[in-house]
Amino acid sequence: MPTERFQFPGAEGQLLSAALDRPEGTPRATALFAHCFTCSKDNLAAKRIAGELVRRGFAVLRFDFTGLGNSEGEFANTHFSSNVADLIRAADHLRAEHHAPALLIGHSLGGAAVLAAAERIPEARAVVTIAAPSDPAHVVGLFRDHVEAIRSEGEAEVSLAGRPFKIRRGFLDDVASQNLANHIANLRRALLIFHAPTDDTVGIENATQIFVAAKHPKSFISLAGADHLLTKREDALYVADMVAAWAERYVDAAAGAAEDLAEKDGVIVQETGEGRFQQIVTAGRHTLIADEPVGVGGLDSGPGPYDLLLAGLGACTSMTMRMYAERKALPLDRVTVKLKHSRIYAKDCADCETRDGMISRIERVITIDGDLDAGQRGRLMEIADKCPVHRTLTSEIDIVTRAAD
């Protein structure tokens, strides 16, 4: 089982330690795993579940939340909201470097975190919780004897799982402000809940509350005889087996359908249901998010339509210049293309046929790095205008629109 270890920036800028476990060949889907409170990505349950899922064909990203394991930052400065933000950054990293997570798995407080984060990870098709609390404030019970001191003094050192941790007032305020039931009700993803009836850390009533708050499709599997941390190997492997079998209905089918459509029909754009404008864009095996800024009613979770248009032109410009430089053996080090879209009066465009009203203008500024003479730089600038996307945008375009069958 190949494991890639690396770091990525968390929500507050600290580098978070991660491990991506991958199967041989193309993964069925990618899962993002959130560990339990004060645990790490390398605890027994996380490693065993990830390992078994890899053997079932999944890729699994495990990472340490800020201030835990091998990640940077101070645990005392973190809280539930920062864990959720770190999860979203982990999904962002997967989306940019590998494949966005189709499956979210969370253990204990990590389960509550994936429930809260799911709506901001649009590619996620299914969510799994293991011994999760229905309210993040449940963890306060682990150090209830110190709550008064934390409130009055601002912080206190508590013992959790035999290790000392500093808890600050901000943590208490943050968990008290959470409304996880609302996130669960609006999940819009398939949900699988694991819980042991005899869990003496997070009671079984928490699973009941999550199940009742969720909408279908939802499932519950009892972990009879298991402890809260799944310290028995057979319990962790059982969870992985059940997750792999259950997720097949939701993850494989959704991923395969999106890829098949994109391969046959080009780019697929579909509303995610989050915010007014958020879209998921699928191009072959690649996905990205499109959105609008907060100022116009969006979530600002991705580039806007004109940003994507400019990105296509910029990428095509740079690629075309690179291909020409390689063919002519030019010492081109790097091309940087900066683009901006605006609207201008047609009368202000000396070379335009349109003379009335407003027209679009795209300003493109190209920086060419390399030991090139003036003639070579001039020729590269000429080549920039010959990129296929440039030609498409400046030629007559026939856009045919029809309703789907």
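1. Which residue lies over the face of Phe211? Lys218 does, at 4.5 Å from the ring centre. Please keep in mind here and below that this is a predicted model.

2. Next, the nonpolar cores. The largest has 54 residues, and within this core Phe63, Leu87 and Phe143 touch the most other members. A core of 33 residues lies apart from it, with Val54, Leu192, Leu223 and Ala244 among its members.

3. Leaving out residues up to four places away in sequence, Phe63 touches Phe8, Leu16, Ser17, Ala18, Leu32, Phe33, His35, Lys41, Asp86, Leu87 and Ala90.

4. On to the aromatic residues. The structure holds seven aromatic pairs. One of them joins Trp246 and Tyr250: the ring centres are 5.1 Å apart and the planes meet at 50°, so this pair is tilted. Both residues belong to helix H8 (residues 233-265), and because they are four residues apart there, about one helical turn separates them. Trp246 has a relative accessibility of 12% and therefore counts as buried, the cut-off being under 20%.

5. There is also an aromatic cluster, formed by Phe37, Phe75, Phe143, Phe165 and Phe171.

6. In helix H9 (residues 305-327) you will find Thr320. With a relative accessibility of 15%, Thr320 counts as buried, because the cut-off is under 20%. Setting aside neighbours within four places in sequence, Thr320 is in contact with Ile383, Cys387 and Pro388.

7. Some backbone details are worth a look in the loops. The peptide bond from His216 to Pro217 is cis, with omega near 5°. Pro217 sits in the loop between helix H7 (205-213) and strand S10 (218-222).

8. Where is Ala131 found? Its place is the loop between strand S6 (126-130) and H4. The phi of Ala131 is positive, near 55°, in a residue other than glycine. At 4% relative accessibility, Ala131 counts as buried. Asp300 also has a positive phi, near 55°, and is likewise a residue other than glycine. Asp300 lies in the loop between strand S13 (286-290) and H9.

9. Last, the annotation. An unreviewed UniProt entry gives "domain: Serine aminopeptidase S33" for residues 27-135. In the model, this span of residues 27-135 is 36% helix and 18% strand, and its end C-alpha atoms lie 33 Å apart.

How values were computed:
Residues are numbered from 1 along each chain as its sequence is written. This is a predicted model: local features need pLDDT of at least 70, side-chain atom pairs count only at pLDDT 80 or more; totals for chains, interfaces and linings use all residues. Side-chain values use heavy atoms; hydrogens and water are left out. A nonpolar core is a set of buried Ala, Val, Leu, Ile, Met, Phe, Trp, Tyr and Cys residues joined through side-chain atoms within 4.5 Å. Buried means under 20% relative accessible area, exposed over 50%, partly exposed in between (1.4 Å probe, protein chains only). Contact means heavy atoms within 4.5 Å. Rings of Phe, Tyr and Trp (its six-membered ring) pair if their centres lie within 6.5 Å; planes under 30 degrees apart count as stacked, over 60 as edge-to-face and the rest as tilted. Helices (H or I, at least four residues) and strands (E, at least two) are DSSP runs, numbered from the N terminus. A charge sits over a ring if NZ of Lys or CZ of Arg is within 6 Å of the ring centre and within 35 degrees of the ring normal. UniProt positions are given in the numbering used here, feature names are shortened, and annotations may be inferred rather than shown by experiment.
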